[in-house]
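Welcome, and please take a look at the model shown below.

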Amino acid sequence: MAAAESDREVPSALCTEFLNFSVKDTASKWLQVTDLYKEVYHHLARYVPKIYCLGPNLNPQSEDLLAQMLLQAPLEWYLCGEDPSTGLAKLEQNNQPSQLCGHVFKVGEPTYSCRECAADPTCVLCMQCFLGSVHKEHRYRMTTSGGGGFCDCGDTEAWKKGPYCQKHEPNISDSCHEDPLAHLSTDMIARCYNVFSIVLKYAVDMLTWDKEDELPPGLEPPDRSDSYYCMLFNDEVHTYEQVIYTLQKAVNCTQKEAVSFATTVDRDGRKSVRFGDFAFCELAKSVIVRNTSRQSKPLRVQVMHSSVVAHQCFALKALHWLGHVIGYSDALRRILCQVGLERGPEGENSSLVDTLMLCDSKMWKGARNVYHQLFMSSLLMDLKYKKLFAIQFAKNYERLQSDYVKDDHDREFSVTDLSVQMFTVPSLARMLITEENLMTTIIRTFVDHLRHRDLQGRFQFERYTAQQAFKFRRVQSLIGDLKYVLISRPTEWSDQLREKFLEGLDTFLELLKCMQGMDPVVRQVGQHIEMEPEWEAAFTLQMKLTHIISMIQEWCATDERVLIEAYKKCLTALTHCHSGFADGEQPITLSMCGHSVDTIRYCVSQEKVSIHLPVSRLLAGLHVLLSKMEVAYRFPEQLPLSELSPPMLIEHPLRCLVLCAQVHAGMWRRNGFSLVNQIYYYHNVKCRVEMFDKDLIMLQAGASMMDPNHFLMIVLSRFELYHIFSSADCRKRYNRETANKDVVQQNNTLTEEMLHLIMMVVGERFEAGIGQVEGCDEIKREILHQLCIRPMAHSELVKALPENENKETGMERVIDCVASFKKPGVTGRGLYELRPECAKQFNLYFHHYSRADQSKAEEAQRKLKRQNGEDTALPPPVLPPFCPLFASLVNILQCDVLLGMLGAVLQWAVEPSAGHWSESMLQRVLHLIGMALLEERQQLENSSEDNDFNFTLKMSRPGEAPSNTASVLALLENLQNAPHLEVHKDMIRWLLKTEAGIKTLRERSASTSTVTASGSRGQEETACDKDKAERKRKAEMARLRREKVMAQMSEMQRHFINENKELFQQSLEELDASTSTSLEHSPTSSDAALVCVGPRRSRPREKRQVVTCILCQEEQEIRADGKAMVLAAFVQRSTVMSKNRKRPPHDPKRYDPLFMHPDLSFGTHTGSCGHIMHSHCWQRYSEAVQAKEQRRQQRLRVHTSYDVGNGEFLCPLCECLSNTVIPLLPRTKGSSSCEQPGLGQWLKTSGQQIKAMHSAHRKLQPVSTVEETVEEECPAPEVFTVNYIPTNPYSSTIKEMLTTFGTATYKVGLKVHPNEQDPRIPIMCWGSCAYTIQSIERLLVDEKKPLFGSLPCRQDECLSSLARFGSACWTAACQPTVQGHFIRLVAALIPDPLVEASPCILDVDMLHLLVSVVLSYGSVHSQDSSGLSVDAVQLHLFHLITVAHMVQILLTSGPEEVTMEQESGEAERGEEEGACRLYNTLRTHVGSSLPEVGSGWHLWRCVKTGILPYLRGAALFFHHLNGVPAPPELHALCPGQWEVLCGYLSLPSNLLQLFHSQQELLEPLLHGWCTHPGVQQTLQGGGVLVSFPRESNSLIDLPDDYSALINQASSFTCPKSGGDKSRAPTLCLVCGSMLCSQSYCCQTELEGEDVGACTAHTFACGAGVGIFLRVRESQVLFLAGKTKGCFYAPPYLDDYGETDQGLRRGNPLHLCHERYRKIQKLWRQHSITEEIGHAQEANQTLVGIDWQHL
Ligand SMILES: [Zn+2]
Ligand SMILES: [Zn+2]
Ligand SMILES: [Zn+2]
Ligand SMILES: [Zn+2]
Ligand SMILES: [Zn+2]
Ligand SMILES: [Zn+2]
Ligand SMILES: [Zn+2]
């Protein structure tokens, strides 16, 4: 009660104060006083509590008004020293605006970045600036803002090029260094300073105030009331549901109010949920705390005195005001910055800005947002103070981050989020590193937060608690800050920067040391591990650090001194790590092929091994830089090269690579998935750059410093293969080793992996510094190898390439050298194809191929070679030379140990035995030999002086142990003819040829004496080659022929399957075709034109109609007394053709569907897949489905794509969603025509019949309702027997199916429960028939297809069934009911005094009327025995309705358009005159509501175009009802359609004759229609006026550029939560409404369930079916009902022809009209639901989505 009273008191209490208050006086007083601070505080203490927070229902508008008057106005006056309206204007005039745009982004607003010019990806432009910038012509990236952040236009540091847009281009005359304060008077500056310091201090005081019941000194209110708020604060722990539930209990509110409270708390961070005296609020608080403390920490609630809340409200207002005022002038902005950063009384870090920052995590969300905004528009917009602020920010950094880690709000609400605004500015970042040691601070803060370590001081993430995991997630943002700081590399180094960077590097190495060796694994033998160990945290850390590690290397690469120091530090760190690995390994000596080496005994398969080696890998990276920057050659003396111990360097990387090999070999199966995952990520594109790649480099670095034989022996030993290759008789392995098969298999795989590793160590030279390559060669090679697998889309390539810290792959620069882009087809995406000349660079053993990639690439490349008629050898490519530092690596290829290994494997291959060798092993050996040969050839070709690389010599030497075994060359020659190595023949031949070529080369450079000999040998060889080539060509031809035959066969097979699917449809088609051919030959119809309605209608010969049941495959004739055959059908409500989406849905209980309004706002559509079944087969099938589904649902609780409970099922053949079946009925036989009555005669007869029926029906009615009427008994015409009950011609199964389909249409169309007795059932069926015809007619027009012959036969079949069903459905209903419908339908045309409330003709859709009246006539005709033919009646009804439609069209034709007078031909004169006469007659009846139209041409054109859809619909209808084939002219789009159509419909082509020839009879009817009160009313604008023809509805127009949509959506606010941004703005593509989807705020109740905005909209806009565009996601959403939905590809594509669902790629997107038309077509043909069904069947996860909440 108290609340209500105080609410009312507000105006009166303030009224007097308000009237007496003078802004000017107050301000003048302030100008006089000495202690302004005290004075203003006093003023605030007095007024603030009187304006704010006076009741529970805050009324912001009046509050804001009062605050403006009483509080802000005097401040502004004081500030200006005059009336602020003039003072502020002056300020604005003198202002020289800064060049920075500084536009602050709203959530979801589009932002643009330039991939070419932006300093880093955080540099963005707003849409306005972007459109005016040079970057719109560049390769740009488009994203949506997450809110916060501002436009970087005008910031020269943010852009390498084009920093200004046109608007922010600096004026050259401006001197930008001028102090903005220079334009202001000293007085003004002083006043400004005073006001800002007081107001800012006040705001800081209030926002950081933590007492609930007291105020800061000087602000105590003059009088205190006992009024409190119970304030609920936001946290990210409790869910919406918990909060809502708790609130309902605690403060006794409705669910709706609770939702609103919860929404506000989530948005603003706090909300008062109760107002009243202290005890009252305290009670609510205790309930809330009690209710939420059980699961977790309780919700935060405070009981606060109203005056405290009031001051806090005004404090926020004051901050807003400051932001507003500084917008007038840069000078004011600077003063505010100065005030904010001025050191406070407590010394360092005590300025107001510091105070705010340090209290950040204690404030509620709303307050934080407001002050962050103010910081952005003040401190960050002033270049001088941005720097000072950055320094303060860096000083407080550690504390702020610690607060943030403890805070439970997301980072976007934390002041730490501002780091991006400063750290990404290169000059600031560098200044902060040198002056505030920021790099070290960030890393140290990060390390400090990860305290959990093992005994060796390494991170330990195992057994992390939830809280630690949360903290771990939070501190990751620090890595983001580090990235910002490092993102732009220095161009010049100062000593100080060097010092601080290296200090930072030291800290960073400390961090890496904690990671080196973390999460070690030990091979599990015997039992499988019990629990998967935690691995993700360590990998998360590694992934997050990947870019940092790369960037640190890049920094080092810009300065030699830094690089040298960094290398030393890193080496020291690594040595330190190794001393920590006290593995206690025993030294052993290995010897092989006459070489020996000392190493340690260590087995990866037995001891601990870790995949995390960041220190080693950083050193590897730096080592490459030594070579790349040539430091190693220029300053070798400064490097600690002598301290390097190569075996130590390679030890751990080698172990890691061996681990991978052993996992591949299946030795670690018992260690579970965690290890598999780690190995996967180790090689994955996201991690490999700083993991796998660097391990390989370390091996290269180590090996380059070692004797190759020693290196290989250590490798063999670590691979645990040493014993195999070192034994004296290793070539006889098959004899010796008979151990267990698994071990043999393992060793085979390990050998393969080891050979591969050797290839990589020698062959991977594409990193600049290792090989002599350019920077872009590496990426070129990556792309090339991806495209060797198959042509790829842009997005696929991007995914396969590593991204740098700017999210760039560098692909665009080089892609054109290696690939050509093939434009996409209509719906496909564009693909890059490898340029053919690049294929020779293909390396089968490319180090980034997975095994699957490798085999795919191999297959593709072999196929390509075959297609080109080449041999299928895939020799290694020619490689670039090594850089000097790595040059010695080539010697691995010719060292004794390798040759020994090669010989062994070749020997095994010569004499293979079960399982002791593998083809891949051999393939690798051949590849290695190839590499060696190429290396030799290249060295021979390139260098003039002798070199010592002579592999050909070594390969022809016999093996050493046992003595005089075959040489490698001999073994190769031997293998050339081995039958079991067919696949490798080409390769062996290539090797031998290359070897011979090299020999020739060597010989040529040696003596000339052997020339003849070698020459003759050469000739021999060529002859031999020729022979071989010929044989090969033949073989190739044979193979090609074989392939072609195979292809043909598989094509035929596929065709056959397709055909079978269509088989059943085809059987129907054939039937149709045969009927039509028989017709052509029948003499009766060949001369006469085809007519489909009326006594003259053509009578096709009756033919047996036989169909096949898809379920039992039996044939069945369609007969009235036969077994029922049914067609699977799907009935749905539709608004596709609606011309009035504002019409509210009908009340299903009361709605009378007899007359369809011409706006077609709701219709019922029936579609079918055309598959036919026996009714009993179908019944059995659907019972089985139901039983199965029930079982399945009980067991698995899964949804299905179809709702069994609702009668839905999938067509057993094509899986098309269906919900009922239509019975197939035979064509009704035409009666022989005797003399038929004319219109006048018929009107009379039917009038009598109707009267007779009226009286008969009256008798049927229960006595009580019959009024006492004294009407005379109407004698029925003798031939009309009202009581005659005709025999039902249909079999019982057909009757049953008639009921089934009727009930289904009724149930779906009206959304009611099934009721077989409802009189509306036949009406719904007729309506569905008419609506389906209309929709098909529209579709044919839209698709520009002829009226007949172009429909798929499933639609033809569906229409025929619908029409015939419609004419038979009365037999399943109560006959008088149907007759009653007929009477009412006729009464709309021929006035009947006994029928009340007939609609006016403007409210009737004439095709619906035609279909209903014709189909209902059967019920009347059955009682007529006069010989009156149905045909005659159909024609009379049709003519009558056609006249009515013409009248309808003329009435709605609208005024004449101002066009040139058209000259019309003689032929049309008659029509025009007729149209004029009819129109003038109408005017005499209707009067002035109808404008005068002089042009007959205009009127006739209106009639002709307006009536065409109706005539086409009627033609479809009668065609299917009466089965008369359509004239051939209507099967094409040729001219003269009108005449043919009229002829087919038995109409004169001058339609006006219909009226004029029967004018006396029709004139009274016309009068009746026109004088209906509804006509006048509608014409004068009282109703929905639909004009004809009705245009087809289209989906809304979409903008070409997707960012226009994003922009539109970003300014869209949730309609329910007062101006709040919507999280998932979603556009209805049918009507263009924007909705707030997937959000609590906009949930509504629909039929007793909570549904999201989209589902709710769907019911109003699309009768349950909806098509939406989710703007943020760039995704189309289809919804049907509450449970069905799917996502669909959006119609927006980038230049590569690809969509970007989720806007992750960020390429500019443009509308693809074809795709959009495809979506529109799905909608127009009512296939959305079907599409969803198919999508859900294909992807079961779609079924689980909670579609109704979208
Ligand atoms: Zn801008
Ligand atoms: Zn701009
Ligand atoms: Zn650019
Ligand atoms: Zn069957
Ligand atoms: Zn089907
Ligand atoms: Zn809509
Ligand atoms: Zn909303």
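## Terms and model

Buried means under 20% relative accessible area, exposed over 50%, and partly exposed in between, with a 1.4 Å probe and protein chains only. Helices (H or I, at least four residues) and strands (E, at least two) are DSSP runs, numbered from the N terminus.

This is a predicted model, in which local features need pLDDT of at least 70 and side-chain atom pairs count only at pLDDT 80 or more, while totals for chains, interfaces and linings use all residues. Residues are numbered from 1 along each chain as its sequence is written, chains are lettered from A and ligands numbered from 1 in the order in which they are written, and side-chain values use heavy atoms, with hydrogens and water left out.

## The covered strand

Strand E21 is mostly covered, with six of its six residues buried. In a regular strand the side chains alternate between the two faces of the sheet. In E21, Val-1665, Ile-1667 and Leu-1669 point one way, while Gly-1666, Phe-1668 and Arg-1670 point the other way.

## The sheet around it

E21 belongs to an open, antiparallel sheet of five strands, in the order E18-E17-E21-E22-E23; two strands pair if DSSP finds at least two bridges between them. At the edges, E18 (1634-1636) and E23 (1684-1688) each pair on one side only. On average, neighbouring strands are turned by 30 degrees against each other, direction ignored. Axes here are lines fitted to C-alpha atoms, for helices over the stretch in contact, and angles run from 0 to 180 degrees between N-to-C directions.

E17 is joined to E21 by three bridges, and Thr-1626 stands opposite Arg-1670. E17 also has three bridges to E18, where Pro-1625 faces Cys-1636. Between E21 and E22 there are six bridges, and Val-1665 stands opposite Ala-1680. The hairpin of E21 and E22 has four residues between the strands, and Ser-1674 takes a positive phi near 50 degrees there.

Helix H61 (residues 1728-1738) lies across E21, E22 and E23, at about 80 degrees to E23; contact means heavy atoms within 4.5 Å.

## A zinc site

Which residues coordinate the zinc ion (ligand 2)? They are Cys-129 (SG), Cys-153 (SG), Cys-165 (SG) and His-168 (ND1), at 1.9 to 2.3 Å. Donors are N, O and S atoms within 2.8 Å of the metal (3.2 Å for Na, K and Ca); water is not among the atoms, so sites may look incomplete. The site is tetrahedral, with angles of 100 to 114 degrees among its four donor atoms (four donors count as tetrahedral if all angles lie between 85 and 135 degrees).

Cys-129 bridges this ion and the zinc ion (ligand 1), and the two ions lie 4.2 Å apart. Both Cys-129 and Cys-165 are buried.

Technical notes. Four donors count as tetrahedral if all angles lie between 85 and 135 degrees; four count as square planar and six as octahedral if opposite donors are over 155 degrees apart and all others between 65 and 115; anything else is irregular.
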